[in-house]
Amino acid sequence: MTPSQYNSWLRQQQQKERDAIRRYNQEFDRVNRANKAAHEKQVRDINREIDRVNQHNKRVVNDYNREVRNYNQKRQAAINKYNQAVRSHNSQVERDRQRRLSALRALTTTQYVEVRDSAFDLSERYARIESAGSANEDILAAAERESSNSAAVAYALNADASAPADGEQDTGILDYLSDLSQDLCDRWRGALFALNPSNADAARHFCTSVREIFSEILGRWAEDKDVIAADPNCEKTQQGTPSRRAKIRFLLRQKGADSPEMLGFVEKDIDDILQLFPVFNKATHGAAGTITFASLQALRQRVEGGIMFLATIAS
């Protein structure tokens, strides 16, 4: 092979290598473009799916928030209805409260001493929170109504007096309970239906429903985990769960009304209602005979007011 032939062959080999490298690079570029296009398509598909999920979640969240707002608005409307009635009759409530307390003091014979003394105690506690000025208008007005209702039921029981004139007014309790729990609303309707002097089972039915309603309100708006998170050293029951007092303090603290005077009043108010139940049971089953319709109506008004007072604090 002459030098000229060798150089020609070498050039051919070099050209083949360049062609092979060019084909390799072209194929490499083709594969990269295909991979890039596939990757970009995958990214676009993922982003579209993320956008779809985000839009769905946004709609779900918006729907949930709308339901929560509607629920809270409806619940608050029921509470406002009760508080509006309290405020609109505020002066009359105070006059009635003083009149009933005076009538209680004037009784020469008293059959239910504990009920009478409890009404006096609650009135004194109301006077202390009024003097302290640590409660907002709604809570203070509702507390005044509670003191008045306590005196009313104590007087009705001890003097066999007529029920208060506003005992049949629409307090808004059914609207509130239907939002809280339809089962509790139905129980309350049933309890009211059973509440008549000739029904020997009225006491058990009525008192059980009331206890469940109080427990439901406290359990719903002061959950154990929230109460403990707010105060790990709160008072607890023997089972290790927050006590009723701890839950009441938790609700009052959220209102900025957790003064010792207000805490003591709310606790006493619930006790004042619950201590009527043994009296009710005795009156419908014991030697005292059947309780009068007037006293039953006073008891109903007392309990309805107590439920809505607790709702005012929990709202």
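Reply: Let's start with helix α9 (residues 244-255) and helix α10 (residues 260-274), which pack with their axes 10 Å apart and at an angle of about 130°. Helices here are DSSP runs of H or I with at least four residues, strands are runs of E with at least two, and both are numbered from the N terminus. Axes are lines fitted to C-alpha atoms, for helices over the stretch in contact, and angles run from 0 to 180 degrees between N-to-C directions. α9 and α10 are therefore oblique to each other; angles under 35 degrees count as roughly parallel, over 145 as roughly antiparallel, 65 to 115 as roughly perpendicular and the rest as oblique.

Before going further, please keep in mind that this is a predicted model, in which local features need pLDDT of at least 70 and side-chain atom pairs count only at pLDDT 80 or more, while totals for chains, interfaces and linings use all residues. Residues are numbered from 1 along each chain as its sequence is written, and side-chain values use heavy atoms, with hydrogens and water left out.

Back to the helix pair: α9 passes α10 in a right-handed crossing. A crossing is right-handed if the near helix is turned clockwise from the far one by less than a right angle, and left-handed if anticlockwise. On the α9 side, the contact (heavy atoms within 4.5 Å) is made by Arg 244, Arg 245, Ile 248, Arg 249 and Leu 252. From α10 come Met 262, Leu 263, Val 266, Glu 267, Ile 270, Asp 271 and Leu 274. Together these residues divide into 7 nonpolar, no polar and 5 charged. In this grouping Ala, Val, Leu, Ile, Met, Phe, Trp, Tyr, Cys and Pro count as nonpolar, Asp, Glu, Lys and Arg as charged, and the others, Gly among them, as polar.

α10 also packs against helix α3 (residues 113-132): their axes come within 9 Å and cross at roughly 155°. That makes α3 roughly antiparallel to α10, and the crossing is left-handed. Contributors from α3 include Leu 122, Arg 125, Tyr 126 and Ile 129, and those from α10 include Met 262, Phe 265, Lys 268 and Asp 272. The residues of this contact divide into 7 nonpolar, 2 polar and 7 charged.

Phe 265 leads us on to the rings. The structure holds 3 aromatic pairs; rings of Phe, Tyr and Trp (its six-membered ring) pair if their centres lie within 6.5 Å, with planes under 30 degrees apart counted as stacked, over 60 as edge-to-face and the rest as tilted. Phe 265 is buried at 0% relative accessibility, as is Phe 309 at 1%, where buried means under 20% relative accessible area, exposed over 50% and partly exposed in between (1.4 Å probe, protein chains only). Their ring centres are 5.8 Å apart and their planes at 90°, so the pair is edge-to-face. Phe 265 lies in α10 and Phe 309 in helix α12 (residues 293-314), so the pair ties together parts that are 44 residues apart in sequence. Tyr 126 joins Phe 265 and Phe 309 in a cluster linked by ring pairs.

As for the setting, the chain has 12 helices and 0 strands. Buried residues make up 39% of its 315 residues.
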